[in-house]
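Let's take a walk through this structure together. Please have the sequence and the 3D view side by side.

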Amino acid sequence: MKTQLQQLIEQALQGLRQTGQLPATTLPSITLERTRDRAHGDFASTIALALAKLARRQPRELAQTIVAALPAVDWIDRVEIAGPGFINFFLAPPAYQQVVRDILRQGDAYGRNPLGAGNRVQVEFVSANPTGPLHVGHGRGAAFGATVANLLEALGFQVHREYYVNDAGRQMNILAASVWLRYLELCGETVAFPANGYKGGYVREIAAVLHGEHGAAYAVPAADLTAGLPPDEPQGGDKEIYIDALIERSRTLLGENRYRYVFELGLNTILDDIREDLREFGVIYDEWYSERSLSERGAVNKAIARLHEAGQIYEKDGALWFRSSAFGDEKDRVVQRENGQTTYFASDIAYHLEKFERGFDRVIDVWGADHHGYLPRVKAALQAMGVDPAKLDVLLVQFAILYRQGIRVPMSTRAGEFVTLRELRQEVGNDPARFFYVMRKSEQHLDFDLDLAKSQSRDNPVYYIQYAHARVCSVMGKLREKGWTWDEARGDANLSRLVEAQEEALLVALSRYPEVLEAAALQYEPHQLAQYLRELANAFHTYYNEHRVLVEDGVLRDARLNLSLAVRQIIRNGLSLLGVSAPEVM
RNA sequence: GCGCCCGUAGCUCAGUUGGAUAGAGCGUUGGCCUCCGAAGCCAAAGGUCGUGAGUUCGAGUCUCGCCGGGCGCGCCA
């Protein structure tokens, strides 16, 4: 509807350019927007205001000229010029009636459009370290990333959903050591648990599996483990230095094969748990990309070599540095440590380089907002390697703060005191969780009211929207009870009977859906869709309270059924993109 | 200290890439079920858009300063 109108204006401007009434230079894009006030029509354009200076004419007078040049079509009722030079379009009822037809005909496909033209987009999200279960902070990234991916897919992009698995590096070694220490406890050894170890209960569970399957085959005397190690934090030492020493000692005592086994057991157990957790949450990936595979394939060294060829690598203090400050970063960054190990950043450079080598036209990363300082160095690396950094969009997601009975639920990652995503899903359900996570702008802090999410009342926006859907289903059931049938064709032919104010409001709301979907997708803002669905549900509830759908007049009844079923279809389509179910009965 | 994000109704937030008289929900107050589901609807009250300047036909929206809050500034990941 909007694009058709835009094309109409474009035609008018073309005509004016050919007759010399407008300069032939490139013109600004045609602004066209929904009016806030019905008195201003359905759509308003500020094109005359924008062109006035360029054309050296008065805005209002220019607006007159443009309006006169508009091709005549039957779906526009009239066009007015108002204020300083707004052009207001009043659409004719048939334009809105057509929306109902389109929705019922296209069904689940309605609202989709081919804008993306099959361009390949990668969306990487969550990517939490597999050192423990996902918590509620990851949940927001999951819901947000999955929805952005769905939205882009609806716009015709070819979307690849990916989880970057940090299966290499120090954190994973800490996990392996933690598991092993808990295992030793099960073997009857007494060892002080390291201050920097993973203390969550899930570590004990993994240790129990190891103990159950292999008995004492991985045991060593506690004295061998700690002999000669530097002091841990409680003893006045450095917990980082201590844990690193402990890891080294563990590898030595276990030998590489047995150490590897413990390491893999921890990694795989947790990764399986994360996979299952996300799957239950309705988040499905196309690929789980291993960080370890990057270095094993030599991709990390290749990336460093590439930066080296570009002349952006230098050596200092025994380490290799990337000259990121030459590309807008605050300072240069180490890619290879003094001890020869490459850094996490080096892996990330290689990973992002591969993303583009794999042929994606656009790459989207969803990060926790606390990583925002990391962005300049990643963009710097891409630029240095000759990749256009503008092809990478990083979306930052703020944390969600849980409230129960108005009181903030305390959470800290240390000491394992956090609420897991699984716990949240069990407490409030998947639908409210998915919806609440995306109902606010992602870069905004989210106050997640657990009691509200659980409440089955009008206060809960999820139920409010789902209720509108169930209501239409209920009407269809009632129709059968009364022994009537729905004649879609008859309703279709009599949509002009929909003349009530609430019906017109509903038609306008329905016609907005494709525009909302497009804006939400292109701006990566799922909350726009969530917001819209609430408005649509409200328009339906208002209508439903004021007028009966199942009236005696069969012609009017069918027209109203068509309208109601169109509403149901849009709610279903919209909720589906958000990963929320549309129940027929509640 | 430097960088990024955020300040809109009592609370939580929208505000259509600079447009016309700034909007929802919750909460408060008052109405609506002999009638398709009251998990619903309607109405009222509630605002110096943190603040001071600037840009222009026009600023909640863009620029700068200030105030207040969050995050980040590792040879960690």
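A residue is called buried when its relative accessible area is under 20%, exposed when that area is over 50%, and partly exposed in between (1.4 Å probe, protein chains only). By that rule Gln18, with a relative accessibility of 69%, counts as exposed. Gln18 lies in helix 1, where helices (H or I, at least four residues) and strands (E, at least two) are DSSP runs numbered from the N terminus.

Before going on, a word on the ground rules. This is a predicted model, in which local features need pLDDT of at least 70 and side-chain atom pairs count only at pLDDT 80 or more, while totals for chains, interfaces and linings use all residues. Residues are numbered from 1 along each chain as its sequence is written, chains are lettered from A and ligands numbered from 1 in the order in which they are written, and side-chain values use heavy atoms, with hydrogens and water left out.

Now zoom out. Chain A has 586 residues, of which 50% are buried, and it contains 21 helices and 15 strands. Its C-alpha atoms fill a box of roughly 90 × 65 × 40 Å along the principal axes. The domain assignment gives domain 1 (2-91), domain 2 (170-270) and domain 3 (461-578); such bounds come from an automatic or database domain assignment. The centres of domain 2 and domain 3, taken over C-alpha atoms, are 59 Å apart.

Next, look at the aromatic rings. Rings of Phe, Tyr and Trp (its six-membered ring) pair if their centres lie within 6.5 Å; planes under 30 degrees apart count as stacked, over 60 as edge-to-face and the rest as tilted. The structure holds 22 such pairs. In one of them, the ring centres of Tyr289 and Tyr351 are 4.9 Å apart and the planes meet at 40°, so this pair is tilted. It links distant parts of the chain, since Tyr289 sits in strand 7 (residues 287-290) and Tyr351 in helix 12 (residues 344-357), 62 residues apart. Tyr289 is buried at 5% relative accessibility, and Tyr351 is buried at 0%.

The pair of Tyr513 and Tyr532 is tilted because its planes lie at 40°, with the ring centres 5.9 Å apart. Tyr513 belongs to helix 19 and Tyr532 to helix 20 (residues 526-546), so the pair ties together parts 19 residues apart in sequence. Tyr513 is buried, with a relative accessible area of 1%, and Tyr532 is buried, with a value of 1%. Elsewhere, ring pairs join Phe322, Phe327, Tyr344, Phe345, Trp367 and Tyr374 into a cluster.

Some rings also meet a charge. A charge sits over a ring if NZ of Lys or CZ of Arg is within 6 Å of the ring centre and within 35 degrees of the ring normal. Arg275 lies over the face of Trp288, 4.7 Å from the ring centre. The charged end of Arg534 is placed over the ring of Tyr464, at 4.0 Å from its centre.
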